[in-house]
Amino acid sequence: MSGYVMPVVPPPPPAAPGTVYTVASGDLRPSANVTCWPAQRKLEADLAAAVAAAGWRVQRGHEFDEAKGHGFIDSQRAGIEVFKRLPPEAPLIVVEAVWQYSHHVLAGLRSHRGPILVVANWSGRFPGLVGLLNLTASLTKMGVRHSALWSVDFTDEWARNGLKTWLKTGELIHDQSHVRDLPALPPGPEVELGRALAAQLLREKAIIGVFDEGCMGMYNAIFDDELINPLGIYKERLSQSALVAEMNRVPDGEALAVRRWLDDAGLVFHTGTDEATELTDAQLLSQFKMYIAALRIADDFGLDAVGIQYQQGLKDVVPASDLAEGLLNNVQRPPVTSRDGTRELYPGAPLPHFNEVDEGVAVDSLVTNRIWTAMGFDPATTLHDIRWGEQYGDQFVWVFEISGSVPASHNGGYHKSYSMRQPPMYFPLGGGTLSGVSKPGEIVWSRVFIMDGSLHVDLGRATVVDLPPEETRRRLDSTTPQWPIMHAVLHGVSRDQMMARHKANHVNVAYAPDAEAADRALLAKAAMFAELGVHVHLCGEVKL
């Protein structure tokens, strides 16, 4: 006998016949989990009815927690403990009516051997669709086989038939015929430009500044150095504590000068005096100091783009980062000088910011910025959540909605923009947005993602449409009214095709002067990515 204490590993529980098991990944923020629990409970009841109609029964993998007031998995450790009790061979459905932190369940899903289905409710009010897209993108990055399904209430024939197919076969395949690999490119100035910019990036290199990785469980948004260094892109890893320290060095007078510039530009601030529920001048002052601090740190390290995590690290320390992010992404913005006042920092140009440190957006925005600048177009970019959408007239119009700020040029200028307090449920210390309704026009949309261990990019075209004010108001009230909204009609990509294919909760967008210019910019972008060695896919109706 060795005397060693040998671990006792209990055998996994057996799967009950005719039973599908469910789990629900939630937020890390208790207020969000409690607020969203009724919507989650309804979705689970709707799904259970559909499962029963297919001849199966649902066994929930974890119980409602009376003390917490919700039944979500709310941490990675909690997720690991839940999966210990689940039959590893059983069919498993991840049910999401809310935004969720994917890493809460990734450890269990990585080793689960049974078929996996991720489902969400088709709703704007509670962002289950956004949560689903992030989780399926994370599973794609991990190489874990899975299926996905979405429905308003799982009473429609399409969703019920899809559920029956998955229960019978363990797989659900959606139409993705809108996606095609990049063909051989025709010679021309746009292809030459893309290839020349790729050669420049590979030769001269670029640095993206990352203020702490891993925002809100978005595993899919973390890009290893080994994948992006071959593109000539390198990371400067920065701490958000350094950002706060730099904010504390900014004099009030400099922050107030930013406020005066924005007031003169026409940005409307909806302010009050209650720190808990309203946007206050003190919150705005902190946000303007963050804007100045981010530019000065970027200048210190020679950064070509920057990303601030904010959630979770800064939400309990300073007001929201969003207003600073929207300002950084715009060509026209309040001037900021070096600490000694001798130089203006990044004059006449945006400093591309990748919100929520989404490094797929970092790579994309860096490429887009260089192409649009070289073509003489407005290089302002932003990411939106693919939040929701509905039919309007004879078109399906998506609600693209970012959680806080867009560059003002996307709204048509500061005079067509406004700032509201961030929702207290997510942002306890408040802070303003840079909101508005995106102007009508032609855009290129894109997503850089990881699949099969390699970098891929989907490229497509869309038109931003102008809806009547009452319809815009209805859509804002059906989602998050404080946030900026874009009414997007995708070219040749249906609702379900987009949901089935898109490998992120975020989509990156940039305007072009007109449709012909947008087609040319997309061609240059495809050529640059292809020259860098990224797998390029064209989605929908794309003219090369």
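**Salt bridges and a helix**

Reply: The model is predicted. In it, Arg 296 is buried, as its relative accessible area is 4%.

Me: Which residue forms a salt bridge with Arg 296?

Reply: Glu 254 does, and the closest N and O atoms are 2.5 Å apart. Glu 254 belongs to helix α9 (residues 252-265) and Arg 296 to helix α10 (residues 281-301), so the pair ties together parts that are 42 residues apart in sequence.

Me: Is Glu 254 buried or partly exposed?

Reply: Glu 254 is partly exposed, with a relative accessible area of 27%. The cut-off for buried is under 20%.

Me: How many salt bridges are there in the whole structure?

Reply: A search finds 35. One of them joins the side chains of Lys 235 and Glu 213, at 2.5 Å from N to O. Lys 235 is in strand β8 (residues 233-238), while Glu 213 is in the loop between β7 (206-211) and α7 (225-228), so this pair links parts that are 22 residues apart in sequence.

Me: And how accessible are Lys 235 and Glu 213?

Reply: Lys 235 has 12% relative accessibility and counts as buried. Glu 213 is partly exposed, with a relative accessible area of 30%.

Me: What about Glu 401 and Arg 387?

Reply: Their side chains meet in a salt bridge of 3.0 Å, N to O. Glu 401 lies in strand β12 (residues 395-401) and Arg 387 in strand β11 (residues 381-392), so the bridge ties together parts 14 residues apart in sequence. Both Glu 401 and Arg 387 are buried.

Me: What sits at the ends of α12?

Reply: Asp 358 caps the N-terminal end, with a side-chain oxygen 3.1 Å from the backbone nitrogen of Gly 360. Just after α12, Gly 376 has a positive phi of about 80°.

Me: Which residues does Val 363 touch?

Reply: Val 363 is in α12 and is buried, at 1% relative accessible area. Leaving out residues up to four places away in sequence, Val 363 touches Ile 228, Leu 231, Ile 233, Val 448 and Phe 529. Val 448 is 85 residues from Val 363 in sequence, but their C-alpha atoms are 7.3 Å apart.

Note on methods:
Residues are numbered from 1 along each chain as its sequence is written. This is a predicted model: local features need pLDDT of at least 70, side-chain atom pairs count only at pLDDT 80 or more; totals for chains, interfaces and linings use all residues. Side-chain values use heavy atoms; hydrogens and water are left out. A polar contact is a pair of N or O atoms within 3.5 Å; within protein, one must be able to donate a hydrogen and the other to accept it, and residues adjacent in sequence count only if both atoms are side-chain atoms. Helices (H or I, at least four residues) and strands (E, at least two) are DSSP runs, numbered from the N terminus. Buried means under 20% relative accessible area, exposed over 50%, partly exposed in between (1.4 Å probe, protein chains only). Contact means heavy atoms within 4.5 Å. A salt bridge is a side-chain nitrogen of Lys or Arg within 4 Å of a carboxyl oxygen of Asp or Glu.
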